[in-house]
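Student: Hi! Could you walk me through the charged pairs in this one?
Tutor: Happy to, let's bring it up.
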Amino acid sequence: MARKPLIVRTISPLRKAIATFRKKHGGVALVPTMGALHEGHFSLVRHARKRAGAVAVSIFVNPKQFAPTEDFGSYPRNFESDVVALSKLGVDLIWAPTETAMYPGGFSTAITPGGPALAGLEDAFRPHFFGGVATVVAKLFLQVTPDVAMFGQKDYQQLKVVTRMARDLDLPVKIVGCPTMREKDGLALSSRNVYLSVEERRTAPVLYRVLKESAARIKAGDALAAVLADGRAAIEKAGFKLDYLEGRHAETLEPVVSAADGPIRLLAAARLGRTRLIDNLGV
Ligand code: PAF
């Protein structure tokens with residue numbers, strides 16, 4: 001029978017639990033999440049399990065990474081079913097801080113990430129986002145003190161921002177990027193996919209299809225600018241409102257002119273109705 005993970009909501013019992021796990025299991029792996037868990041998160045947990053004796057999953061819908069116009073209020077919250085799923089996966093600890101445990105009254109410190117956080121991709125459309133992510137992730141690292149932390153490549157710019165931050169601040173944690181999990185038709189798994197109407201869900205895989213076709217053409221030697229122009233047109237023709245489709249250096253996220261400047265990562269964000277989808281693919 002699945003063993004229910006220890007659920008902790010405040011700092012002091014968290015520290016005690018982590019000390020016990022460390023004594024008993026050695027290393028601790030952290031999977032940071034905002035809940036509404038799906039197969040993408042479960043795959044991060046499985047990767048985490050291979051890397052440490054104890055696995056902690058944090059569940060916290062972080063208000064600091066949502067703009068006032070965004071979906072903080074309606075973001076899916078399925079705590080009970082998340083706990084059931086994490087029990088089945090043998091997770092040892094769920095760190096589900098209350099909002100006051102994470103941001104006590106008078107909280108007034110923030111991390112301002114640079115480098116990949118200013119690449120002109122997600123940051124151009126969600127200027128508040130990476131500051132909020134970096135602040136909460138730094139706090140999660142200081143609270144849980146993991147040896148290793150798993151992040152999905154689906155949020156590719158986020159992965160680079162967190163990796164840069166950990167390096168810049170000498171945080172003693174290894175950041176591991178794990179492959180994007182997809183539906184059979186290619187749509188990247190995301191907690192926000194539940195917002196898609198039936199018709200939008202049918203259209204949604206176009207984003208990945210365009211990324212795949214673009215990557216294949218670039219590999220075959222087609223000019224990057226022409227491939228991206230075709231890709232942008234195809235995404236818009238399918239009914240998306242495109243935020244960006246870009247080819248960037250896979251490590252620095254700096255702009256590239258041709259495949260020779262590579263390795264290249266294609267990154268896209270587009271809206272279908274009220275749902276904003278992001279995806280990316282290596283060339
Ligand atoms: O990717 C997410 O779910 C969130 O941005 C994270 C890393 C848990 C920080 O709130």
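Tutor: Let's start with D279, which is buried at a relative accessible area of 5%. Keep in mind that this is a predicted model.

Student: Okay, which side chain does D279 meet in a salt bridge?
Tutor: That would be R182, at 2.8 Å from N to O.

Student: Switching topic: what does D92 pair with?
Tutor: D92 forms a salt bridge with R3, and their closest N and O atoms are 3.6 Å apart. D92 belongs to the loop between helix 3 (79-88) and strand 4 (93-95), while R3 is in the segment before strand 1 (6-8), so this pair links parts 89 residues apart in sequence.

Student: Is R3 buried or exposed?
Tutor: R3 is exposed, at 53% relative accessible area, whereas D92 is buried at 5%.

Student: What about D168 and R164, how far apart are they in helix 7?
Tutor: They are 4 residues apart in that helix (residues 156-168), about one helical turn. D168 is partly exposed at 46%, and R164 is partly exposed at 33%.

Student: Nice. How many salt bridges does the structure hold?
Tutor: It holds 16. There is also a salt-bridge network linking E122, D243, R271 and R276.

Notes: Residues are numbered from 1 along each chain as its sequence is written. This is a predicted model: local features need pLDDT of at least 70, side-chain atom pairs count only at pLDDT 80 or more; totals for chains, interfaces and linings use all residues. Side-chain values use heavy atoms; hydrogens and water are left out. A salt bridge is a side-chain nitrogen of Lys or Arg within 4 Å of a carboxyl oxygen of Asp or Glu. Helices (H or I, at least four residues) and strands (E, at least two) are DSSP runs, numbered from the N terminus. Buried means under 20% relative accessible area, exposed over 50%, partly exposed in between (1.4 Å probe, protein chains only).
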